[in-house]
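User: I have this model open and want a quick tour. Can you walk me through the main pieces?

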Amino acid sequence: MDGSGIPETRSTCPYCGVGCGVLLRPDGVGGLSVRGDPDHPANQGRLCSKGTALGQTVGLEQRLLSPQVNGQATDWDTALDRVATTFSNTIRDHGPDSVAFYVSGQLLTEDYYVANKLMKGFIGSANIDTNSRLCMASSVAGHKRAFGTDTVPGSYEDIDEADLVVLTGSNLAWCHPVLYQRLLAAKKKRGTKIVVIDPRRTASCDGADLHLALTPGTDVALFNGLLTQIAARGALDGSFAKTLDGLDQTLCVAASDDPLRTGLSQSDINTFYDLWINTPRVVTIYSQGVNQSTSGTDNVNSILNCHLATGRIGTTGCGPLSVTGQPNAMGGREVGGLANMLACHLDLENADHRSAVGDFWQAPSVATQQGLKAVDMFQAVGDGRIKALWIIHTNPAVSMPDAKAVRAAIASCPFTVVSDVTARTDTARLADVLLPATAWAEKDGTVTNSDRTISRQRKVLPAPGQARPDWDILADVGRRMGFEQAFDYQTEAEIFREYAALSRIAGKFGRDFDISALSGMSDVAYDAMAPARWPITETRKGGRFFADGRFFHADGKGRLVPMACKVAAPNDAAPFRLNTGRLRDQWHTMTRTSLSANLSAHLPEPFVDIHPSDAAALGIACADLVAISNAYGKAILRARISDTVQKGQLFAPIHWTGETAPSARIDDLVAPNTDPISGQPDSKGSYVEAQRYDAAWYGFAVSREPMALRSAYWSVARTAQGFRAELAGKHPVADWEAEGRDIFGVPNASVSSFVDQTRGTARVAFYDGDVLIAALFVAREPVAIMRDYLATLPDTEGADPLSGQSPASMPNPGPVVCSCFGTGVNTIVTAIETEGLVSVDQIGAALGAGTNCGSCRPELAQLLSRSRVQEAAE
């Protein structure tokens with residue numbers, strides 16, 4: 001407790017699957033202070049830039065505060081009667097498979113449980129799927145093929161104890177920064193070797209001993225080659241092999257694959273194989289680069305095959321580790337939130353499992369077959385098979401592949417319900433009914449992280465307006481549909497106890513997931529529940545799986561799965577392979593992170609990375625706009641010319657939406673191709689054309705208030721003083737003063753301007769009295785001004801905004817590198833040069849940069865490296 005007298009509350013960060021513990025203290029006026037929980041096993045006090053900035057994202061200015069029907073505010077009874085009646089009538093007229101739920105890893109386990117129970121047990125359809133399908137479904141399928149269940153064998157502690165950590169398809173430094181800092185700490189302490197396998201050179205390569213920039217889609221060839229060498233060098237674990245099936249056949253198929261298909265040199269391949277085979281303690285961390293593929297499940301199993309064949313699984317410092325992208329993707333898997341699963345890792349298509357779950361729920365009609373997975377679900381919405389759709393805490397209108405078609409499908413659906421914290425998303429704008437839900441700091445429940453640790457999320461802020469918890473909304477609809485007793489829940493603890501009791505049935509079936517020891521937990525004990533890794537039974541708590549050679553297939557054995565590498569042929573009509581992914585300081589579709597000025601400062605505009613040779617061939621210069629397109633859609637992005645991507649490949653982030661940059665919705669270009677086993681879409685393998693976007697004019701704007709942007713290209717980001725925007729248009733503008741008044745909504749503001757029609761330049765500043773409230777800069781080429789200085793406007797006193805330059809007394813900090821402390825690149829470079837800084841730690845001591853979450857340390861190292869190169873050249 002600090003001097004305010006307000007105690008801190010233990011909770012869990014709502015971003016990625018690391019599951020960091022946070023300590024929250026409300027300030028009494030709607031705000032929140034946040035720090036890492038030093039006692040939480042996942043992060044031990046560390047937080048990344050996103051977690052550190054959580055307190056900047058709890059404002060109410062964009063919140064949905066009351067139910068809406070057809071765009072009009074209404075009360076809960078009217079809205080929920082409409083939902084329950086429409087779903088009931090649709091089921092009556094067209095059958096249970098005519099309705100669907102599309103849910104999210106943002107839901108707490110208790111929310112997920114109620115949604116799954118309602119759909120699979122009482123509506124009688126398995127048409128409930130989750131945005132986690134886009135993230136880790138291939139890992140689920142790979143686990144089940146190898147182990148018999150979706151089991152994560154090890155834990156984060158294995159990172160601390162490994163002698164070699166392989167990061168494959170994972171930019172851990174940016175997507176799971178706390179785990180990356182944990183890995184670097186292990187490297188510093190015990191000399192852990194790090195290998196990064198990624199077509200792109202990412203921030204994770206900064207700490208790596210070896211970077212394997214393989215040809216996209218050749219993961220299986222690389223790991224098949226490793227398995228072949230494991231056998232050839234006598235590194236198979238003969239004793240452990242007795243607990244496995246499929247070894248001989250898998251070795252035979254693997255031997256026919258050629259690791260040189262990866263495009264790697266024989267020397268690098270040999271170095272990797274030597275490291276892996278000669279290092280007994282190996283952890284392989286994998287994520288979206290492995291999962292998001294039409295061969296995603298095979299990619300996963302090729303990794304698992306190597307760990308199984310050597311027995312390097314379930315023991316200290318050994319094993320595969322799938323790191324998930326959402327705070328409760330694991331919890332959703334556990335409750336059966338995927339269309340092909342029952343609760344508690346039971347099998348939907350197993351009659352005994354269905355019967356047991358149906359009896360436990362006293363359900364009238366448990367679904368008997370798999371439901372529609374995400375891509376198939378929205379295609380069914382589009383062709384009319386799904387007639388009533390409920391979307392909860394996710395934004396498929398921009399996050400699904402072929403997103404333009406998904407938007408059209410949702411718009412054409414006869415009845416769409418959206419539960420969310422805001423009405424300002426591409427998806428919410430298509431809803432017939434909007435339901436206001438509580439946000440992460442306003443609700444209670446549990447989440448499960450990537451290493452099976454269950455943590456409590458606790459309410460520290462009051463629910464605003466009429467917002468309600470998701471479980472409460474779902475249960476209320478269940479009661480209105482006629483299932484009063486089954487959904488008569490009063491508290492989250494009551495739901496959790498029921499869920500824990502159901503897991504006892506899974507345990508009796510020999511499943512891995514069992515938390516039955518928590519089924520008798522009191523409300524007080526639930527409220528005080530400490531983080532715990534499952535299983536949690538009377539005889540076992542936590543621990544690793546499979547070191548004892550006992551698996552969950554019917555015969556108790558593990559499975560090696562034979563597969564050959566399959567690489568899609570290039571598309572001659574669309575020559576560039578598009579890789580998509582996340583940024584360090586943003587998350588998903590920025591519904592939360594875009595509210596933070598700190599997080600928006602790092603990379604505030606959508607971009608595409610293109611190799612210098614490709615850029616030169618297309619006549620694209622740095623800061624040009626690039627139009628990329630294919631048969632599915634098109635996007636306009638700022639060019640970043642970089643050799644971090646290979647020739648013929650592009651990289652673009654996934655985060656921008658119709659709210660923040662409508663021409664940069666990158667999933668419009670992602671083909672709806674899926675892995676045939678997992679149903680996970682290939683978000684990294686679409687082909688596109690690229691060309692320079694020739695605009696008639698380019699602009700940059702700053703404003704204290706939101707802007708009305710409508711040009712062919714625009715993107716907007718929050719600043720500490722208001723907003724900044726990039727603009728470009730195809731058609732000349734005759735009157736920039738009038739255009740600025742429309743953009744900024746300031747019809748009566750006084751104006752200072754400089755306009756040169758001949759050169760096509762304009763600089764216009766708008767004032768309320770003597771106070772600058774907005775400014776607009778326009779040119780025929782990308783505007784050359786000090787953007788990051790101008791982003792500190794409009795409130796900077798004594799500034800001359802029309803110059804576009806910072807005064808001598810206010811050095812331009814440059815683009816932000818360290819979001820935690822707002823430290824810009826120019827500030828860092830100046831300190832390196834003037835103070836003789838030679839290490840990242842010295843930069844931290846001088847400026848603070850890199851000393852909080854550590855996410856920017858790779859970029860600091862790059863600045864040091866550039867400085868040394870420049871010194872050598874001089």
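This is a predicted model: local features need pLDDT of at least 70, side-chain atom pairs count only at pLDDT 80 or more; totals for chains, interfaces and linings use all residues.

User: OK, the barrel. In what order do its strands run?
Analyst: The barrel is closed and has six strands, in the order S21-S25-S22-S24-S23-S26. The pairing is mixed. From one strand to the next, the twist averages 45°.

User: Take S23. Which strands does it pair with, and in what sense?
Analyst: S23 is antiparallel to S24, residues 634-641, over five bridges. S23 is also antiparallel to S26, residues 686-692, with four bridges.

User: How many residues link S23 to S24?
Analyst: Four residues, in a hairpin.

User: Is S23 mostly covered or open?
Analyst: Mostly covered. Residues 625-629 make up S23, and four of the five are buried.

User: What about S21 and S26, how do they run?
Analyst: Antiparallel, with three bridges between S26 and S21, residues 576-581. Arginine 577 stands opposite tyrosine 687 of S26.

User: Switching to the open sheet. What's the strand order?
Analyst: The order is S10-S9-S8-S12-S13, five strands in parallel pairing. Neighbouring strands are turned by 15° against each other on average, ignoring direction.

User: Why do S10 and S13 each have a side without a neighbour?
Analyst: S10 (210-212) and S13 (319-322) are the edge strands. Each has a single partner strand, so one side of each has no neighbour in the sheet.

User: How many bridges hold S12 to S13?
Analyst: Four, in the parallel sense, with S12 spanning residues 282-286. Valine 283 is opposite glycine 319 of S13.

User: Which helix lies across those strands?
Analyst: H13, residues 296-310. Helix H13 lies across S8, S12 and S13, at about 170° to S12.

User: Now H4. Why call it largely enclosed?
Analyst: H4 covers residues 137-147, and nine of its 11 residues are buried, so the rest of the structure largely encloses it. Among the buried ones are Val140, His143 and Phe147.

User: What covers them?
Analyst: The cover includes strands S12, S13 and S20, together with helices H12, H13 and H14.

User: What happens just after H4?
Analyst: Glycine 148 takes a positive phi there, about 95°.

User: Next, H15 and H20. At what angle do they cross?
Analyst: Roughly 145°, and their axes come within 10 Å. H15 is residues 351-361 and H20 is residues 492-508. The crossing is right-handed.

User: Which residues meet there?
Analyst: Ala356, Val357, Phe360 and Trp361 come from H15. From H20 come Glu498, Ala501, Leu502 and Ile505. The contact has seven nonpolar residues, no polar ones and one charged.

User: Cores next. Which residues touch the most other members in the largest nonpolar core?
Analyst: Phe87, Phe101, Phe272, Trp390 and Ile515, out of 111 residues. Apart from that core lies another of 84 residues, including Cys48 and Leu863.

User: What does phenylalanine 272 touch?
Analyst: Leaving out residues up to four places away in sequence, phenylalanine 272 touches Val166, Val195, Ile197, Leu210, Leu212, Leu222, Phe223 and Leu226.

User: Last one, proline 14. Where does it lie?
Analyst: In the loop between S1 (9-12) and S2 (21-26).

User: Buried or exposed?
Analyst: Proline 14 is buried, with a relative accessible area of 3%.

User: What is proline 14 in contact with?
Analyst: Neighbours within four places in sequence aside, proline 14 contacts Leu54, Gln106, Pro327, Trp440, Trp587 and Arg592. The C-alpha atoms of proline 14 and leucine 107 are separated by 9.6 Å, and the two residues are 93 residues apart along the chain.

Methods: Residues are numbered from 1 along each chain as its sequence is written. Side-chain values use heavy atoms; hydrogens and water are left out. Buried means under 20% relative accessible area, exposed over 50%, partly exposed in between (1.4 Å probe, protein chains only). Helices (H or I, at least four residues) and strands (E, at least two) are DSSP runs, numbered from the N terminus. Two strands pair if DSSP finds at least two bridges between them. A nonpolar core is a set of buried Ala, Val, Leu, Ile, Met, Phe, Trp, Tyr and Cys residues joined through side-chain atoms within 4.5 Å. Contact means heavy atoms within 4.5 Å. Axes are lines fitted to C-alpha atoms, for helices over the stretch in contact, and angles run from 0 to 180 degrees between N-to-C directions. A crossing is left-handed if the near helix is turned anticlockwise from the far one by less than a right angle, and right-handed if clockwise. Ala, Val, Leu, Ile, Met, Phe, Trp, Tyr, Cys and Pro count as nonpolar, Asp, Glu, Lys and Arg as charged, and the others, Gly among them, as polar.
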